[in-house]
Amino acid sequence: GMEMHAWLNPYRVKQHLSERLAPNHVYFRHPEWFVTYGDKMLFNPALQQSRDFICQVVTDILAKYDVDGIHMDDYFYPYPIAGEKFPDESEYLAMGFQFKNKANWRRHNVDLLIQQLHKTIKQQKPWVKFGISPFGIYRNKKNDPDGSATNGLENYGDLYADILKWTRSGWVDYIIPQIYWQIGHPVADYNVLVDWWANHANSRHIYIGQSILRTIKYCDLTNPKNHQFTAKIKRQRNYSSISGSCQWPGQCIVDNLGGIADSLRLRYHSTPALQPKYPWIDNEAPEVVRNLKSRWFADGYYLIWDAPEIKKVYKNIEIVHTKNYSHEIALELTRTDKYVIYQFKKGQQIDLSNPYYIVKITKENKWKLPYHTGTDKYIYVVTALDRMQNESKGMQITVRL
């Protein structure tokens, strides 16, 4: 049931100039599209050819793979190098004359890429989510009264990434701000930044990006015997506008570094749960499952059911460029992707809003019941989920286990 989001760096070609490119790399056909800055080679953000090629790459990914999302890292204009100017003066003189300054022109260049990527994704596969993991500081308060009480590198002023414009404009579906610092950091305090981002969600999903290595390095300020993971999770869960968190790097979860995997498994994610909905993409739930039954087979007692009927009319979906989606896209948006099975004891209130009662999320149309003696009554409810996590009404059945 995991989603797969393709993770990309938008402009970066070489992290170090000594790296070798493949012989068929586009650089050898169009070296004029690229610039070097410090020890890096990048697509020139000022050029429409760069934007077009990046969107062609995304188009290719969408055509070849059933990804659930396209995700951009925080490398827009590169992190500034002291004493070295980014080499875009000639492009600015040629194309930036209508802008008040070079900074505004650079932000415009990145805006054009994000807008074009959004259109590229939604035209081809509108159910694919577009996400970005920006640097943890949008703007410092000293530069903008609406900025955070921090004093570090900025998305807006240093990387020329106007994240809030992208969320306000609906060009991205979610963001994962990289709040990798510890609680109590003198320049970029985790608590300050979580609070700031939570109050600037702009009706898009926010997941907090956390560095596991830095989290376990620092002690909880209120309980020095523990590292900061528990305090960080508790902080972010105070905000209804924050939909979850992202732990980086994944290998630290596999290795259970600092016991964090145990904390996630046993405490914070101890029950299954539905993923957040994306109503601006699609808010139409599937129909109810059909023919829910309990039946004995050679290997045990099962719940079985049939998929819901496919809706003939599809409404309330995001319109991109055309008046209606193609029949093929509409069918994919209405298609049932998974089923949710809830279990309740006889007489217990049916509450599908509580994930505690979820016993299985499955792509199959059957589930083996935990039969014991046949003396206890249970109510099972089965719902259908589509790709955007819209959930149907429940169909229920009473069984003895």
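How many bridges join strand β2 (residues 12–14) to strand β4 (residues 40–43)? Two bridges join them, and the strands run antiparallel. The model is predicted: local features need pLDDT of at least 70, side-chain atom pairs count only at pLDDT 80 or more, and totals for chains, interfaces and linings use all residues. Residues are numbered from 1 along each chain as its sequence is written, and side-chain values use heavy atoms, with hydrogens and water left out.

Some terms come up at once. Helices (H or I, at least four residues) and strands (E, at least two) are DSSP runs, numbered from the N terminus. Two strands pair if DSSP finds at least two bridges between them.

Start with β4. Its residue M41 is the bridge partner of K14. Strand β3 (residues 34–37) also runs antiparallel to β4, and four bridges join these two. There V35 stands opposite L42 of β4. The hairpin of β3 and β4 has two residues between the strands. In this hairpin, G38 takes a positive phi near 60 degrees.

Next come the helix pairs. Two packed helices are described by the angle between their axes and the distance between the axes. Axes are lines fitted to C-alpha atoms, for helices over the stretch in contact, and angles run from 0 to 180 degrees between N-to-C directions.

Take helix α1 (residues 48–64) and helix α3 (residues 102–124). Their axes come within 10 Å and cross at roughly 25 degrees. That makes α1 roughly parallel to α3. Angles under 35 degrees count as roughly parallel, over 145 as roughly antiparallel, 65 to 115 as roughly perpendicular and the rest as oblique. The crossing of α1 past α3 is right-handed. A crossing is right-handed if the near helix is turned clockwise from the far one by less than a right angle, and left-handed if anticlockwise.

Which residues of α1 meet α3? They are Q48, R51, D52, I54, C55, V58, T59, L62 and A63. On the α3 side stand N109, L112, L113, Q116, L117, T120, I121 and Q124. Contact means heavy atoms within 4.5 Å. By class, the contact of α1 with α3 has nine nonpolar, six polar and two charged residues. Here Ala, Val, Leu, Ile, Met, Phe, Trp, Tyr, Cys and Pro count as nonpolar, Asp, Glu, Lys and Arg as charged, and the others, Gly among them, as polar.

Now turn to helix α6 (residues 190–198) and helix α8 (residues 229–236). They pack at an angle of about 20 degrees, with their axes 10 Å apart. That makes α6 roughly parallel to α8. The crossing of α6 past α8 is right-handed. Y190, N191, V194 and D195 of α6 meet K232, R235 and Q236 of α8. The residues of this contact divide into two nonpolar, two polar and three charged.

Stay with α8. Its buried residues are F229, A231, K232, I233 and Q236. Buried means under 20% relative accessible area, exposed over 50%, and partly exposed in between (1.4 Å probe, protein chains only). Their cover includes α6, β8 (205–211), α7 (212–217), β9 (242–248) and α10 (260–268).

Is S148 buried or exposed? At 2% relative accessibility, S148 counts as buried. S148 lies in the loop between β6 (129–132) and α4 (155–159). Leaving aside neighbours within four places in sequence, S148 is in contact with I137, R139, N140, K141, L193 and W196.

The order of the three-stranded one is β10-β11-β14, with antiparallel pairing. Its edge strands are β10 (290–297) and β14 (366–368), each pairing on one side only. The twist averages 20 degrees from one strand to the next. Strand β11 (residues 300–306) pairs with β14 over three bridges. Across this pairing, Y302 stands opposite K368 of β14.

The four-stranded sheet has the order β13-β12-β15-β16, again with antiparallel pairing. β13 (358–362) and β16 (395–400) stand at the edges, each with a single partner strand, so one side of each is left without a neighbour in the sheet. The twist averages 20 degrees from one strand to the next. Strand β12 (residues 338–345) and strand β15 (residues 377–385) pair over eight bridges. Y380 of β15 is the bridge partner of Q343.

At 2% relative accessibility, L333 counts as buried. L333 and E19 are 314 residues apart in sequence and 42 Å apart in space, C-alpha to C-alpha.
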